[in-house]
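Let's take a walk through this one together, starting with the aromatic rings and ending at a pocket. Have the viewer open as you read.

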Amino acid sequence: MNIDARSIQVQLPDGSARTVPAGTTPLSIATDISPRLAAAAVVAQISPLQAQSVHAASTATDEEKSASESSMYAAEDAASERLVDLTTPLTEDVALRLLTEKDVEALKVVRHSAAHVMATAVLELFPETKLGHGPATDSGFFYDFYRSTAFTPEDLKAIEDRMAVIVARDEKFVREWEPRDEGLLRFKAENVFMKMHFIERFTQPGEKISLYRNGAFVDFCRGPHVPSTSRVKAFKVMSIAGAYWLGDEKNPQLQRIYGTAFFSKKEMEEHFARLEEAQRRDHRVLGKQLDLFSIQDIAGPGLVFWHPKGGIIRKLMEDWMRDECIRRGYDMVFTPHVMRHELWKISGHAGFYAQNMYTPIELDDADYQLKPMNCPGHILIYKNTPKSYRDLPVRYAELGNVYRYERSGTMHGLLRVRGFTQDDAHIFCTPEQIEDEVAACIDFADAVLKTFGFAEFKVELSTWDPKDKASFVGSEDNWALAIGSLERVLQRKGIPYKTIVGEAAFYGPKIDIKLVDALGRLWQLSTVQFDFNLPARFELEYVGEDGERHQPVMVHRALFGSVERFFGVLIEHYAGAFPLWLAPVQVGLVPISEKHIDYAKKVQQQLQLAGLRVELDDRNEKMNAKIRDLTMQKIPYLLIMGDKETAANAVSVRTRGKGDQGSMPLAEFIAKAHALVSSQSTEL
């Protein structure tokens, strides 16, 4: 409670509270605590004290969400946690956290401020340019511009140089307010049509609009920003791309300039080193080099051809998944690739998911639909025979091929395709069984990630947005039950998670498990979804202990996500150097000369009898050339055989990444390799 009308309470992260006059700024409080803290602070995070008992949902952190227009221009929710400028007057009781360079959230504020610095530079150099918007992203920032003349590489260099001048000017970022009508008239006079659109869309008549000024530059923006341009210490203008205004090719074409910013030049150099490493690991390049897969224009974009070596890895992945499903109580099923379109009307996909589905195929008896999902097929199998509570839970699993229409230009190697194989499963159970089944799915996902060499993952809980009921089906009670069930499972298992509002599937909330790869990148793969909608739509039933008919609930889960996407991530995680059990060729054989070929063939036979995949290089080439060529294939072991090895029934072992390991009896090598394969070890 306020002590009096002129005082407010400010609660600090250590639990202490301060009574200060209303209108006090976070910067003043920081200065009072420590001048060093005030100098280090970048932005403030506040939330009303009365809201502290309510679990605040986090917003999505992916580039699409952070770059969304609403996050840039829609009015802040004063009842929720939010970031504000250090100079923002505090007018109510709040919890206050001062963010410094140690906080991830602060980096996005720096990047958004860098976008304003870039826009300032562009207008100073090219004053005829019209502004779009410039959000921060997970990897940097961008700004959209309209200019009839294309920017050149030399222009980008000039923009970066002018940004350095603006940073050196140490211009303060100042928030100003202007009547909406005045702002619209000013932007109209300057023909800044994109700013007019954002004002009209995200503000209401009679309101004031939020502007940010640094020097002579003014932008429509809700912020927050760093205190001044000098806090944008390390930045780089990266590239340029085209984009149509509002995504409509009938509209003007914009020029999107990308950049990035960091707290220090050292951090920026480390970032570019990671980018270089990511390019070295690019699954599209390695897929071609190692002859794993291809996507061919004559067949169409987003359609994958698995080559023999990639096919071996796929078989190993799918065999492991099927065996593990059966071990965990799933029944393997198979459903058609195409089914009547009416089925997708019943499921709701024809309405809520139509933009991602191929056009129906008109046949003589009905319209048919390439399936984008496996779930309706599994539902029909469940519904084909009566079920009792004694039969539940029923778990159906399928590595099913599905087809989704991705727009041209959105495909990306194996990571985003039009046809893929989903390791799908659907669990039909009673409401009392749902939490145990979800917990088992999470355990299964953990086993998948660890088996394939991923040690870390992060979890998000995606819920519906009660303010956007048109995008979801089901009652508030159903959503509350479903979300509560998933929350209790995560809490029971002690798994930290972030809540993402509005990102649920249209039929229920979901748990997304994002793995962390060798470069620290997050990949969305495993998903566990609660569904109360499809059982109702398809009138699913089971007979309960009371003899009455009841509706089951349903869990959707995919752990690879898709075989294609998971394989693409595996390629990049291992940089194509797969662990022994997954390597398409596990052992390369190098006879030193022609007289050692017969012995090499005997070694090959014994290795193959032991279940190992072997490639013998018996070309009339020098030994070093053979070793080089096999090494380029990233084969885990090379066995070299000369006179000494032939006489001793031994092999000279070269281990990938470790070099020459010396001579070893062949039987000993086979035992070692067999143990590594059997244990699915990621080490050599």
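Rings of Phe, Tyr and Trp (its six-membered ring) pair if their centres lie within 6.5 Å, with planes under 30 degrees apart called stacked, over 60 edge-to-face and the rest tilted. One housekeeping note: this is a predicted model, so local features need pLDDT of at least 70 and side-chain atom pairs count only at pLDDT 80 or more, while totals for chains, interfaces and linings use all residues. Residues are numbered from 1 along each chain as its sequence is written, and side-chain values use heavy atoms, leaving out hydrogens and water.

On to the rings. One aromatic cluster is made up of Trp320, Tyr330, Phe444, Phe452, Phe454, Phe560, Phe566 and Trp581. The structure has 29 aromatic pairs. Take tryptophan 320 and phenylalanine 444: they form a tilted pair, 6.5 Å centre to centre with 55 degrees between the planes. That pair links distant parts of the chain, since tryptophan 320 belongs to helix α11 (residues 308-327) and phenylalanine 444 to helix α15 (residues 434-451), 124 residues apart. Helices here are DSSP runs of H or I with at least four residues, strands are runs of E with at least two, and both are numbered from the N terminus. Tryptophan 320 and phenylalanine 444 are both buried, where buried means under 20% relative accessible area, exposed over 50% and partly exposed in between (1.4 Å probe, protein chains only).

Charges meet rings too. The charged end of arginine 111 sits over the ring of phenylalanine 262, 4.7 Å from its centre; the test is NZ of Lys or CZ of Arg within 6 Å of the ring centre and within 35 degrees of the ring normal. Arginine 186 lies over the face of phenylalanine 187, at 4.7 Å from the ring centre.

Now hop over to leucine 461, in strand β21 (residues 456-463). Is leucine 461 buried or exposed? Its relative accessible area is 0%, so leucine 461 counts as buried. Leaving aside neighbours within four places in sequence, leucine 461 has contacts (heavy atoms within 4.5 Å) that include Leu486, Tyr497, Ile500 and Ile511. Isoleucine 513 is 52 residues away from leucine 461 in sequence, yet their C-alpha atoms are 9.0 Å apart.Last stop, the second largest pocket: 20 residues line it, and Asp85, Leu86, Thr87, Phe173 and Pro227 lie nearest its centre. On a 1 Å grid over the protein atoms alone, a pocket is an open set of points where a 1.4 Å probe fits, with protein on both sides within 12 Å along at least five of seven lines; lining residues have an atom within 4 Å of a point.
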